[in-house]
Amino acid sequence: MVGEILKEDNKCKIGAPGCTKIAQGLHHVIKRTEKNLMDKKITIPACNFCNTWLEANTAKGKEMGFIKSKFKAA
């Protein structure tokens, strides 16, 4: 299913410093669970660099809107 989503659009949407521009997977804006694993409303195409960058820079990711709480209304 990830492959199908990336066929539609394989450009990384994060754009962190060092971004490779080509999405290799999906970033979950809201922490992933079994129920929302492939929910297109909360996933963004992302390169591995940007996905890792967001994990290391959560405050900046929240500021940029790429990380949201699963406990707060969107």
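**Exercise 1. The core**

Which residues have the most contacts inside the largest nonpolar core, and how many residues does the core have?

*Solution.* Start with the rule: a nonpolar core is a set of buried Ala, Val, Leu, Ile, Met, Phe, Trp, Tyr and Cys residues joined through side-chain atoms within 4.5 Å. Buried means under 20% relative accessible area, exposed over 50%, and partly exposed in between (1.4 Å probe, protein chains only). The largest such core has 13 residues. Cys12, Ile14, Cys50 and Leu54 have the most contacts inside it. Next, the elements: β2 (43–46) and α2 are those that give two or more residues to this core. Helix α2 gives the most, with three residues. Helices (H or I, at least four residues) and strands (E, at least two) are DSSP runs, numbered from the N terminus.

The model is predicted: local features need pLDDT of at least 70, side-chain atom pairs count only at pLDDT 80 or more, and totals for chains, interfaces and linings use all residues. Residues are numbered from 1 along each chain as its sequence is written, and side-chain values use heavy atoms, with hydrogens and water left out.

**Exercise 2. Helix α2**

Sort the residues of α2 into buried and exposed, and find the packing partners of the buried ones.

*Solution.* Helix α2 spans residues 48–56, and its buried residues are Cys50, Asn51, Trp53 and Leu54. Seen down the helix axis, they fall within an arc of 160 degrees, so they line one face of α2. The arc is taken from the directions from the helix axis to the C-beta atoms. On the other side, Thr52, Glu55 and Ala56 are exposed. The buried residues pack against β1 (25–28) and α3 (58–64); contact means heavy atoms within 4.5 Å. Now take Cys50. Leaving aside residues up to four places away in sequence, Cys50 touches Cys12, Ile14, Gly15, Ala16 and Cys19.

**Exercise 3. Salt bridges**

Find the salt bridges and state how exposed each partner is.

*Solution.* The test is a side-chain nitrogen of Lys or Arg within 4 Å of a carboxyl oxygen of Asp or Glu. The count comes to two.

- Asp9 pairs with Lys13, the closest N and O atoms being 2.5 Å apart. Asp9 is partly exposed at 26% relative accessibility. Lys13 is also partly exposed, at 37%.
- Glu63 pairs with Lys60, the closest N and O atoms being 3.1 Å apart. Both lie in α3, three residues apart, about one turn of the helix. Glu63 is exposed at 62% relative accessibility, while Lys60 is partly exposed at 38%.
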